Amino acid sequence: MAATRDRFNQLINGFNQRYEPFVRQHLCKVYMMLGCTSAATATGAFLQMQNLVDLGVIAALSSLLLVLGLHFYRDNGKNYYRRVGMLYSFGFCSGQTLGPLLKYIASIDSSIIITALLGTIITFVSLSLAALFAERGKFLYLGGVLVSIINTMALLSILNMFFQSLFVQLGQLYIGVLVMAAFVLFDTQNIVEKVRAGSTDVVQHSMDLFFDVLSLFRRLLIILTQKEERKREEECRKRR
């Protein structure tokens, strides 16, 4: 127990020595806002799954408008709380759009949701710590590489609409998980460098990480669900 406490203290001391007080304060705000946005997403998904609130297409359109609004409606020092409300609303609408997928997965095996959630949390926390304790700017080179990969994946998605290749579809899912994991590394270090350069837009930085977490969670859900479906198909074939 004492050894664990010493290691934890060493971790905290190393973090405090590595980052300036204003950077640590900004990161705390970003992660707190990320947690609140995730809670809003969980609320939206739960209400949709329970058929208490189902916005349907309105949620998808609202998500798009809110993202565009947050992108163009920049922080000017006076609209902070309005932008925070827009971010939480985006999280809620994202949960509404995620609800049908979660409802379908729950009808197959509800443990898939828990497994994907735990996998997302563990991956995000591990990669965030790796980025924060790595050398300064070590993962910033990933930005251009990841954008190129995403553009290639988008092109393959369009082409796959005509070829309907299962191999390409599965490849995109697995590569997508790796890409979003790499984005956690990149965005974390990029946020730190932006703060040091004078950018203190907590809302924008929280949204960047929220995109990473949500995309990672969604892909893990789909991958685990497809595995379970293939497993059940094989069991049905054996019974026949």
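**Group meeting: contacts in a predicted helical model**

I start with the aromatic residues: Phe-90, Phe-210 and Phe-211 form one aromatic cluster. Here rings of Phe, Tyr and Trp, the last by its six-membered ring, pair if their centres lie within 6.5 Å; planes under 30 degrees apart are stacked, over 60 edge-to-face, and the rest tilted.

Some housekeeping. The model is predicted, so local features need pLDDT of at least 70 and side-chain atom pairs pLDDT 80 or more, while totals for chains, interfaces and linings use all residues. Residues are numbered from 1 along each chain as its sequence is written, and side-chain values use heavy atoms, without hydrogens and water.

Back to the rings. The structure holds 5 aromatic pairs. One of them is Tyr-80 with Tyr-81, edge-to-face, at 5.1 Å centre to centre and 80 degrees between the planes. Tyr-80 is partly exposed at 30% relative accessible area, and Tyr-81 is exposed at 71%. For these words, buried is under 20% relative accessible area, exposed is over 50%, and partly exposed is in between, with a 1.4 Å probe and protein chains only.

The pair of Phe-183 and Phe-186 has ring centres 6.4 Å apart and planes at 75 degrees, so this pair is also edge-to-face. Both residues sit in helix H7, 3 residues apart, which is about one helical turn. Phe-183 is buried at 12%, and Phe-186 is buried at 14%. Helices here are DSSP runs of H or I with at least four residues, and strands are runs of E with at least two, numbered from the N terminus.

Next, charges. Side chains of opposite charge can pair when their charged atoms come close. I call a salt bridge a side-chain nitrogen of Lys or Arg within 4 Å of a carboxyl oxygen of Asp or Glu. How many salt bridges does a search of the whole structure find? The search finds 4.

Among them, Arg-196 meets Glu-20 at 3.2 Å, N to O. Arg-196 belongs to helix H7 (residues 166-196) and Glu-20 to the loop between helix H1 (2-18) and helix H2 (21-49), so the bridge ties together parts 176 residues apart in sequence. Arg-196 is partly exposed at 22%, and Glu-20 is partly exposed at 29%.

Arg-136 forms a salt bridge with Glu-193, the closest N and O atoms being 3.0 Å apart. Arg-136 is in the loop between helix H5 (111-133) and helix H6 (142-163) and Glu-193 is in helix H7, so this bridge ties together parts 57 residues apart in sequence. Arg-136 is exposed at 60%, whereas Glu-193 is partly exposed at 21%.

Glu-193 also bridges to Arg-196 at 3.4 Å, N to O. Through shared partners, Glu-20, Arg-136, Glu-193 and Arg-196 are joined into one network.

Now helix H4, residues 80-109. Its 30 residues should span 44 Å at 1.5 Å a residue, and its end C-alpha atoms are 41 Å apart, which agrees. The expected span is 1.5 Å times one less than the number of residues. Where does H4 bend by about 40 degrees? The bend is at Leu-98, and Pro-100 follows within four residues.

Last, the surface. Leu-155, Leu-156, Ile-158, Leu-159, Met-161, Phe-162 and Phe-163 make a nonpolar patch of about 790 Å². Patch residues have over 30% relative accessible area and no salt bridge; like charges are joined within 9 Å, and nonpolar side chains (Val, Leu, Ile, Met, Phe, Trp, Tyr) within 5 Å. Leu-159 lies in helix H6 and is partly exposed at 38%.

Conventions: Areas by Shrake-Rupley, 256 points an atom, 1.4 Å probe, with all protein chains shown as cover. Bend = angle between axes of the 7 residues up to and from the residue.
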